[in-house]
Amino acid sequence: MPSFARLLTTIAPVLPPAGADAPHVESWSPSRRLLVQRGDAELVVQELAGPVGGRPPAPPVRIPAPWPRRFGRCAVAPSGDVAVFSGVHALTAVDRTGAVRWEVRHRCWAGCASHDTFEEYAHDRGHRYASGGSAVFSADGALVWAHVRGPLERDDHERDGHGRAAGAEEWLVVDAADGRILARAATGSAAAGSVHVPHVDPGQMGLSIGEGQDGAPLRWGRWDGERLSVDSFAGEALVLSAVSPGGARLLTVTHGQEALVAHRLVDGSADPEPEAELRAEEVIPRHPEADPDAPDVEAFWDYEAAFLDEHTVIAGTVESDEESGAGRYWIVDLARRGTAEPLVHPYPVTGTARALGDGTWYTVSPTDHGVRIWGLR
């Protein structure tokens, strides 16, 4: 039985599509949502009022960017007035006035010795297409979790017990107020890129690391105020998509995209045994527009999926569907294991459906970057 979507509101972007990334929503709680758009020169942040569609977004806050968007990633504090830019050489916190609050410099993701300013590598192709890490604020805004390439510059003076500087890729827990490194741990990865997935508990965090065809290491971190512990599981082959709104579950997609998997979190640790596992070949029917003379056309899950609420997942098979026709979306009820019901929008939508944690979700138009927020009818 299909589910049907209804459009709640449409939000126009602040920055034009030609000079900016598509907007996305950072949803810290049903009452605290930020619409974020990255341009080359600035990051634009708007608070979205609740309930959805009740009134237009707040006036934009503009945070100057230390380098253009293709040279790294960024994250916004729940307060909406400070951003951390994760670049090829440094992790830099900038406020709305353009002031640098703090900076943590690390080994270059492009492999060079060092650069002091962006202008020194602005036109270097290796830096433009370098691998990279990521960073995100904790749910309370007090911490920044960051995946960087070590060693850090301060390691020249802070050696380990064997006289060696820390090396390889590291996961840092940073004081968001002043940039002090509170804890660090090796990730044991060789990243092309990474994504952080926050938990409602500021002391817990997910890190999904992409290594291209080589694998997808998944790390789960816990910080108790004194010690950082890091768990990994599933043989380096799971992509972390989401944490449920109440923090009780993780949602993952296998590296080969053949299965959508839900895991329970027990005492802050991820249960390696899945609570539910939906294999695309078993629950997703053949695309109705697929070429009948192409019997090998198979559906697979998109890497991005999310929780509409604690028990309901929204997922897509858009990437695999594009060769046959319109992308499809699905509603998964974890209480009814092994079922995926079609989700029908009133007109064609494209790209990822991203949940907001209260039963609503949004899509972004690739042509005008308009944000459309949806609910179930």
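1. The second largest cavity has a volume of about 30 Å³, where a cavity is a set of points, on a 1 Å grid over the protein atoms alone, at which a 1.4 Å probe fits but cannot get out. Such a volume is the space filled by probe spheres set on the points, and grid points are joined across faces, edges and corners. The residues that line this second largest cavity are Pro 13, Val 14, Pro 23, Leu 35, Val 36, Gln 37, Val 44 and Gln 46, a lining residue being one with an atom within 4 Å of a point. Strand S3 (32-38) and strand S4 (42-48) are the elements that give two or more residues to this lining, and the largest share, three residues, comes from S3. Strands (E, at least two residues) and helices (H or I, at least four) are DSSP runs numbered from the N terminus.

2. A word on the basis of these remarks: this is a predicted model, in which local features need pLDDT of at least 70 and side-chain atom pairs count only at pLDDT 80 or more, while totals for chains, interfaces and linings use all residues. Residues are numbered from 1 along each chain as its sequence is written, and side-chain values use heavy atoms, with hydrogens and water left out.

3. By class, the lining of the second largest cavity divides into six nonpolar, two polar and no charged residues. Here Ala, Val, Leu, Ile, Met, Phe, Trp, Tyr, Cys and Pro count as nonpolar, Asp, Glu, Lys and Arg as charged, and the others, Gly among them, as polar.

4. The structure holds two cavities of 30 Å³ or more, and in the largest cavity there is about 40 Å³ of space. Its lining is made of Asp 302, Glu 304, Ile 314, Ala 315, Gly 316, Tyr 329, Thr 352 and Ala 353, and by class these are four nonpolar, two polar and two charged residues. Which strand gives the largest share of the lining of the largest cavity? Strand S24 does, with three residues.

5. Buried means under 20% relative accessible area, exposed means over 50%, and partly exposed lies in between (1.4 Å probe, protein chains only). Thr 312, Ile 314 and Gly 316 point one way from S24, whereas Val 313 and Ala 315 point the other way.

6. S24 pairs with strand S23 (residues 306-307) in the antiparallel sense over two bridges, and two strands count as paired if DSSP finds at least two bridges between them. Four residues lie between S23 and S24 in the hairpin that they form, and Val 313 in S24 is the bridge partner of Phe 307. S24 also pairs in the antiparallel sense with strand S25 (residues 329-333), over five bridges, and there Thr 312 stands opposite Asp 333.

7. Of the 15 residues that line the pocket, Gly 327, Arg 328, Tyr 329, Leu 343 and Val 344 are the closest to its centre. The lining has 10 nonpolar, three polar and two charged residues.

8. A search of the whole structure finds five aromatic pairs, in which rings of Phe, Tyr and Trp (its six-membered ring) have centres within 6.5 Å, with planes under 30 degrees apart counted as stacked, over 60 as edge-to-face and the rest as tilted. One of them joins Phe 71 and Phe 118, edge-to-face, at 5.1 Å centre to centre and with 80 degrees between the planes. Why does this pair tie together parts that are 47 residues apart in sequence? It does so because Phe 71 lies in the loop between strand S5 (61-64) and strand S6 (72-76), and Phe 118 in the loop between strand S9 (100-105) and helix H1 (125-128). Phe 71 is buried, with a relative accessible area of 4%, and Phe 118 counts as buried at 17%.9. Phe 71 also forms an edge-to-face pair with Tyr 121, at 6.0 Å centre to centre and 65 degrees between the planes. Phe 71, Phe 118 and Tyr 121 form one aromatic cluster.

Terms used:
1 Å grid on protein atoms, 1.4 Å probe; cavity = no way out; pocket = protein on both sides within 12 Å on 5 of 7 lines; lining within 4 Å.
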